[in-house]
Amino acid sequence: MHDVKTAVDAAGFRIGLVAARFNGAIVERLIAGARDALLQNGVPDERIELVRVPGAWELPAALDAMADTGRFDALVSLGAVIRGETPHFDYICKECAAGCARVTARTGLAVGFGVLTCNDAEQAAARAGGKAGNKGQEAAEAALEMACLLRSLRS
């Protein structure tokens, strides 16, 4: 068996973006990448809703609330956590990732994970439109692909 990418037909989709304000310059670039990916895949700008939260810790709660509205075909979490001098980084990253995964598990809604977990600002910049690509774009593309796959599996 070979890997075949699920065809993406995002016409008519409504997508929710949840973005952290912390490390804002990096996150803005992730938002731009996600928005570009959505537009390139046929999601009209007026069907993209962006909400902001203080930081990565708060992303799962907002995703949960958005999922519960029933208005969205997929969600994308966007943030950047950069390692500091204390273990705080480890706790935030672990719980953010687990919380985002729980939203998908609980609701069956596709959630793209575009939260950077980097050792330094240089790594984050490289992954927010630099030499390592744009993880916001990749998260949005993954969310669309999964939303299409889940829709086809359920029909």
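In this predicted model, four strands form an open sheet in the order β2-β1-β3-β4, and their pairing is parallel. At the edges of the sheet lie β2 (48-53) and β4 (110-118), each of which pairs on one side only. On average, and with direction ignored, neighbouring strands of this sheet are turned by 15° against each other.

Let us look at how β1 meets its partners. Five bridges link β1 (residues 15-20) with β3 (residues 74-82), and the two strands pair in the parallel sense.

A handy landmark is Leu17, whose bridge partner in β2 is Leu50.

Next come the helix pairs. Two packed helices are described by the angle between their axes and the distance between the axes. The table gives these values for two pairs.

| Helix pair | Angle | Axis distance |
|---|---|---|
| α1 and α5 | about 40° | 6 Å |
| α2 and α3 (residues 88-107) | about 15° | 8 Å |

How are α1 and α5 oriented to each other? Their angle is about 40°, and they are therefore oblique to each other. The crossing of α1 and α5 is right-handed. On the α1 side, the contact is made by Leu30, Gly33, Ala34, Ala37 and Leu38, and on the α5 side by Lys135, Gly136, Gln137, Ala140, Glu141 and Leu144. The residues of this contact of α1 with α5 comprise six nonpolar, three polar and two charged.

For α2 and α3, the angle is about 15°. Angles under 35 degrees count as roughly parallel, and α2 and α3 are therefore roughly parallel to each other. Here too the crossing, in which α2 passes α3, is right-handed. From α2, the contact draws on Leu59, Pro60, Leu63, Asp64, Ala67 and Asp68. From α3, Glu95, Cys96, Gly99, Cys100, Val103, Arg106 and Thr107 take part. Sorted by type, the residues of the contact of α2 with α3 are seven nonpolar, two polar and four charged.

Conventions
Residues numbered from 1 in each chain as written. Predicted model: local features only at pLDDT ≥ 70, side-chain atom pairs only at ≥ 80, totals over all residues. Heavy atoms only, no water. Pairing = 2+ DSSP bridges. Axes fitted to C-alpha atoms, helices over the stretch in contact; angles between N-to-C directions. Parallel < 35°, antiparallel > 145°, perpendicular 65-115°, else oblique. Left-handed = near helix turned anticlockwise from the far one by under 90°. Contact = heavy atoms within 4.5 Å. Nonpolar A, V, L, I, M, F, W, Y, C, P; charged D, E, K, R; others polar.
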